[in-house]
Amino acid sequence: MQEWANQLCENRQFGSKMTDSKYFTTTKKGEIFELKAELNSDKKEKKKEAVKKVIASMTVGKDVSALFPDVVNCMQTDNLELKKLVYLYLMNYAKSQPDMAIMAVNTFVKDCEDPNPLIRALAVRTMGCIRVDKITEYLCEPLRKCLKDEDPYVRKTAAVCVAKLHDINAQLVEDQGFLDTLKDLISDSNPMVVANAVAALSEIAESHPNSNLLDLNPQTINKLLTALNECTEWGQIFILDCLANYTPRDDRESQSICERVTPRLSHANSAVVLSAVKVLMKFMEMLPKDLDYYGTLLKKLAPPLVTLLSAEPELQYVALRNINLIVQRRPEILKHEMKVFFVKYNDPIYVKLEKLDIMIRLASQANIAQVLAELKEYATEVDVDFVRKAVRAIGRCAIKVEQSAERCVSTLLDLIQTKVNYVVQEAIVVIKDIFRKYPNKYESVIATLCENLDSLDEPEARAAMIWIVGEYAERIDNADELLESFLEGFHDESTQVQLQLLTAIVKLFLKKPTETQELVQQVLSLATQDSDNPDLRDRGYIYWRLLSTDPVAAKEVVLAEKPLISEETDLIEPTLLEELICHIGTLASVYHKPPSAFVEGSRGVQHKRLPATANSGESVESPDASSAAAVADAPPAVIPSQGDLLGDLLNLDLTPTTTGPTPAVSTGIQMGAMDLLGGGLDSLLGGDLGGSPAMGAGFGAPPAAMPASFAAPVSGGGLDDLFDLGGGVGLPMGAYSPPKTVWVPAMKAKGLEISGTFARRAGVIQMEMTLSNKAMSVMTDFAIQFNRNSFGLAPAGPLQVLIPLSPNQSIEVTLPLNTVGPVMKMDPLSNLQVAVKNNIDVFYFSCQYPISILFVEDGKMERQVFLATWKDIPNENESQFQIKDCHLSSDAASSKLQGSNIFTIAKRTVDGQDMLYQSMKLSNGIWVLAELRVQAGNPNYTVSLKCRALEVSQCVFQSYEAVLKN
Amino acid sequence: MIHSLFLVNASGDIFLEKHWKSVVSRSVCDYFFEAQERATEPENVPPVISTPHHYLISVLRHRIYFVAVIQSEVPPLFVIEFLHRVVDTFQDYFGVCTEAAIKDNVVVVYELLEEMLDNGFPLATESNILKELIKPPTILRTMVNTITGSTNVGEQLPTGQLSVVPWRRTGVKYTNNEAYFDVVEEIDAIIDKSGSTITAEIQGVIDACVKLTGMPDLTLSFMNPRLLDDVSFHPCVRFKRWEAERILSFIPPDGNFRLLSYHVSSQNLVAIPVYVKHNITFREGSSQGRFDLTLGPKQTMGKAVEAVLVSSQLPRGVLNANLNPSQGTYTFDPVTKLLTWDVGKINPQKLPSLKGTMSLQAGASKPDENPTINIQLKIQQMAISGLKVNRLDMYGEKYKPFKGIKYMTKAGKFQVRT
């Protein structure tokens with residue numbers, strides 16, 4: 001800063017008096033004093049110069065707020081420039097001097113009546129920027145006038161002012177009815193006014209997720225489309241973004257909107273182009289694919305996207321991130337445009353990496369030769385990050401395009417020959433993946449790989465190499481020597497390498513048991529005794545135990561056939577992709593995350609979905625339905641990390657229902673420690689525990705805790721089915737059951753969506769779930785377990801999912817529950833933590849059950865006992881609640897409650913007020929007594945609850961409310 | 001919408017800040033500086049950076065970072081386009097967009113930024129409108145202002161902003177009525193080692209300078225409009241007419257503007273004007289490398305290739321280059337390892353060449369990467385795609401304007417791999 005000032009001083013010496021830089025030179029002491037004198041000068045010119053100096057100081061962040069009164073005094077002037085400058089100052093400092101700011105109000109109000117519309121607009125614009133409550137009060141009247149001003153320039157400025165005011169005081173805007181006026185402006189005759197009104201409403205709507213501010217109907221859409229042609233480029237962006245939120249009624253409407261939006265693809269402003277692409281991508285979903293227009297539209301989308309790539313690098317980056325989504329959703333649009341994604345050597349690195357990613361997505365048999373030649377070229381570039389990514393890309397090509405695998409492998413081998421360290425390491429990592437995709441095809445290259453063993457210094461490359469050695473130990477003569485050499489520095493390796501080394505040596509042992517016994521003992525003791533890492537230690541124990549109890553089983557587990565990997569792992573989950581397509585052009589599309597995941601202040605953003613295809617059988621939820629579901633109740637929380645729960649869940653067995661007598665064997669062994677525990681724990685524990693030292697400690701939880709969780713008797717599994725039948729036929733059971741809510745969204749559970757509810761039907765508690773597969777692979781081997789909970793809820797039988805769940809399929813499952821599981825008090829009381837396992841992973845979530853499912857059928861107390869108990873329970877255990885807006889008579893309420901096992905014992909009427917005395921009993925024997933007061937004509941009920949266990953009252957009350965209102 | 005703007009110079013100092021809503025502390029730029037430090041080259045700073053409460057969207061122009069701060073979901077392209085518009089406006093007003101120019105005109109800059117955005121919503125971004133609101137500083141005007149005490153802020157409502165043709169102000173008057181159009185095409189291409197084309201495309205623009213009185217309505221037609229299948233228009237062009245007749249019909253803005261830009265990507269239409277014969281080799285174990293480069297014209301339709309400039313980033317191991325150009329001059333910067341050769345005009349009879357040796361670090365292994373050669377060139381009076389204007393007509397006004405059309409071809413990102 002100082003340096004700069006000096007430089008400016010020099011400028012002055014050279015006599016550059018013409019420029020504004022002279023305003024910066026007054027940084028010395030007494031400056032404020034000097035400025036004050038100048039501001040109060042009689043000479044107009046001097047005043048203006050002084051204000052300019054003040055503004056200049058403000059611009060560079062100096063504090064000139066002390067001059068507030070003097071500057072405000074300059075406001076009453078005919079000189080427009082001076083007025084503007086003072087306004088600039090006011091906007092900056094009014095907040096810190098609210099009392100002084102009031103002085104300016106009169107001038108503002110007067111200026112809002114000025115005959116010159118420029119001044120009217122300027123005044124209303126500036127007032128909106130002054131974030132002082134006292135000023136906003138005075139703003140309302142002038143703003144109301146300006147919103148109806150005859151001059152469109154003033155109206156359009158006023159529209160934005162409503163958004164500003166809303167930001168400062170939302171309540172005021174609603175009370176004053178400005179929102180309605182703003183909605184009226186959508187029908188304004190001037191397109192600029194329409195655009196600004198849309199922009200303002202969109203911004204306000206962001207903080208009001210559920211308000212129907214932008215109520216889009218065919219009429220408003222028509223108006224917007226008309227304004228779209230005539231307003232400025234920025235207005236077009238606002239309108240297009242708003243259009244994208246509309247869901248057309250049918251494919252014809254959708255087509256007509258598309259037709260009117262397509263010309264925007266030729267706009268010079270790239271933001272307009274991308275917003276238009278968003279609208280088209282979304283509405284295209286509704287067009288039948290056999291329609292001629294559909295094909296035309298696809299063709300029209302490619303050129304503008306390609307053009308975006310010839311713009312400045314920053315624009316290219318955003319465009320590329322979006323194209324990445326578009327090629328995943330509709331690869332046909334750009335399938336012939338591969339070449340535009342070829343990398344120029346002076347592209348910025350962020351553009352290079354994105355282009356590379358898209359190249360792989362577009363790679364197909366037709367263009368793979370070209371792509372590979374390019375990738376090989378990139379692998380010799382200077383930038384290390386880029387080279388690595390290029391090498392990885394070659395591997396991904398091999399996995400994606402089967403016909404090219406051989407070529408890719410030979411390209412990788414060529415690259416390994418270059419001996420460039422990071423290229424070799426990266427190549428080895430991807431060759432490992434290629435082995436996993438095409439087993440027993442390319443193992444001939446192993447010898448070449450082994451030559452480079454010594455140059456590997458990155459954990460990922462070392463781990464990959466060790467995996468290869470272990471996996472193909474029988475073909476590598478000196479596999480034991482190679483692995484032994486790694487073992488020397490075992491403790492200095494990263495966890496990744498240690499785990500791989502452990503597994504690889506166990507594999508080696510199982511393949512060549514005679515020579516390697518010593519080695520395996522060495523690694524097992526290193527892993528179990530000398531390591532602090534629980535993952536490593538536990539995996540070590542499991543191997544140890546497996547090997548010592550049943551080597552045959554061990555062989556089957558460790559050397560099990562591995563599932564093939566596919567390129568789909570790189571793709572974005574379809575549900576997320578759908579949502580992101582609706583957000584093309586936004587930050588969400590740049591980060592490839594749904595807006596709810598990261599944008600601050602987007603409280604309760606609606607999840608956008610693509611509209612359903614016309615005349616196709618796909619059942620896509622309408623956006624309304626999904627938002628309703630999101631609003632209903634507090635959404636159940638998905639437990640984010642496994643870590644903290646692991647301790648409790650280790651007790652639980654996650655035996656899949658489909659497994660036979662030897663579950664450990666039939667479960668494909670995977671690399672995560674959790675899976676190992678889940679798959680094999682119960683059989684292991686059942687076996688001889690004496691095989692290795694410190695056995696129990698390794699598992700953290702005392703074995704004594706085990707029986708409880710196993711004890712869930714499969715009582716009445718068949719019976720439940722019978723009851724189920726009854727329920728299915730539609731017998732009115734009377735008990736209240738809340739509607740199903742989404743417990744785990746597909747995004748958080750690798751494509752498995754679980755929604756469900758609880759019910760009590762004919763005395764049996766049931767958990768009713770809908771499992772939907774939104775991923776692209778088949779799901780099998782479902783199993784469920786509960787964590788310990790307040791009332792000992794536990795599954796009474798296994799989860800009955802007998803057929804594999806194919807992609808896009810849903811299944812309804814009813815799981816009978818009992819209440820004999822282990823008990824732990826939860827907060828809130830009715831919280832239930834659940835683990836669901838399938839062939840992909842284990843997912844944890846928590847949900848809440850209505851406590852009414854625990855009310856047992858024999859909950860009716862004798863009258864005498866009731867009276868005695870009521871008196872017996874101390875008064876401090878009584879809690880009172882209000883139920884609002886309930887329009888049932890006391891009899892109707894009584895019978896409704898009875899359906900949920902809340903029994904009315906007596907009824908009294910005093911002064912037209914009915915008092916119902918009720919009792920209920922929880923499954924664990926806790927009695928709850930209640931008094932329900934119903935006043936005829938008054939929709940508000942009062943419930944008084946008495947219970948020895950005070951903490952259940954809140955839950956019981958919630959049940960009352962739920963039952964009575966449904 | 002756009003919250004704030006910070007201007008940051010190459011050495012990482014914030015030299016201007018502007019807030020359109022509440023004030024955002026400068027410290028938010030620390031996240032930007034972090035990213036700047038991580039980036040190996042100034043242009044590698046990622047354009048979108050997230051911070052705990054804000055998002056920073058930046059563009060780098062004229063060695064100044066324009067960093068916009070946003071708080072809620074705003075289309076990033078919207079922000080980037082706006083920032084470009086800010087840069088263009090500064091350039092338009094001050095002739096150059098440099099730190100010094102911005103500091104010299106800080107009050108005008110502040111006034112401009114205030115007019116361009118209102119509460120984060122773009123307000124007036126068309127240069128025509130802005131110039132009516134705030135007169136650009138000229139030496140003469142500044143002098144007049146100081147003498148008469150008048151200001152450079154317009155007192156009039158920008159009339160254009162409300163008319164159906166917001167890009168044109170009313171009451172334009174010229175004594176000489178002229179309309180010039182420049183068809184400028186840039187070839188972007190990647191040529192591989194063996195000289196075959198990997199990709200080639202043309203980015204073309206038609207820039208106009210129109211100084212016509214009143215409200216002229218122009219039509220421009222092409223000999224071969226079929227070339228233009230991927231075009232972006234200035235808002236003044238009537239899109240329907242183009243769709244139906246392939247004729248550009250428009251009421252032009254006053255002054256300089258870009259009428260349209262287009263993109264020709266089908267490779268058989270893209271002629272490659274020069275060829276390069278190269279032989280750049282390093283031998284293992286030797287501390288010398290050979291450098292041999294010859295240029296020649298290829299498909300130029302008989303026009304001369306001028307202003308040829310060859311540049312190449314040589315590998316880091318190269319210490320110096322001792323070369324001999326047959327024409328022009330060359331420089332080698334031993335720090336950045338950038339070799340540039342200013343060739344000038346290519347004479348087809350005597351092809352320019354640059355030959356000699358490069359000295360390498362003794363004992364170092366042979367460089368892994370091959371240098372890429374960048375070529376810049378100009379060809380006057382030709383649009384390499386073959387695009388030709390057929391005629392330009394004016395309706396709506398009575399006078400006879402002077403019309404001119406110029407063609408020019410340049411190399412854009414023209415790269416030859418070795």
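This is a predicted model: local features need pLDDT of at least 70, side-chain atom pairs count only at pLDDT 80 or more; totals for chains, interfaces and linings use all residues.

Reply: Helices (H or I, at least four residues) and strands (E, at least two) are DSSP runs, numbered from the N terminus. Residues are numbered from 1 along each chain as its sequence is written, chains are lettered from A and ligands numbered from 1 in the order in which they are written, and side-chain values use heavy atoms, with hydrogens and water left out.

Chain B has 418 residues, of which 57% are buried; buried means under 20% relative accessible area, exposed over 50%, and partly exposed in between (1.4 Å probe, protein chains only). Its accessible surface is about 17,700 Å², and carbon and sulfur atoms contribute 50% of that area. Such areas come from the Shrake-Rupley method with a 1.4 Å probe; for residues, only the protein chains shown count as cover.

Among the contacts in chain B with a separation of 6 or more, 68% join residues 24 or more positions apart, a contact being heavy atoms within 4.5 Å.

One residue of this chain may be examined individually. B:Lys400 lies in the loop between strand 22 (389–395) and strand 23 (402–417). B:Lys400 counts as exposed because its relative accessibility is 79%. The C-alpha atom of B:Lys400 is 9.8 Å from that of B:Leu212, although 188 residues separate the two along the chain.
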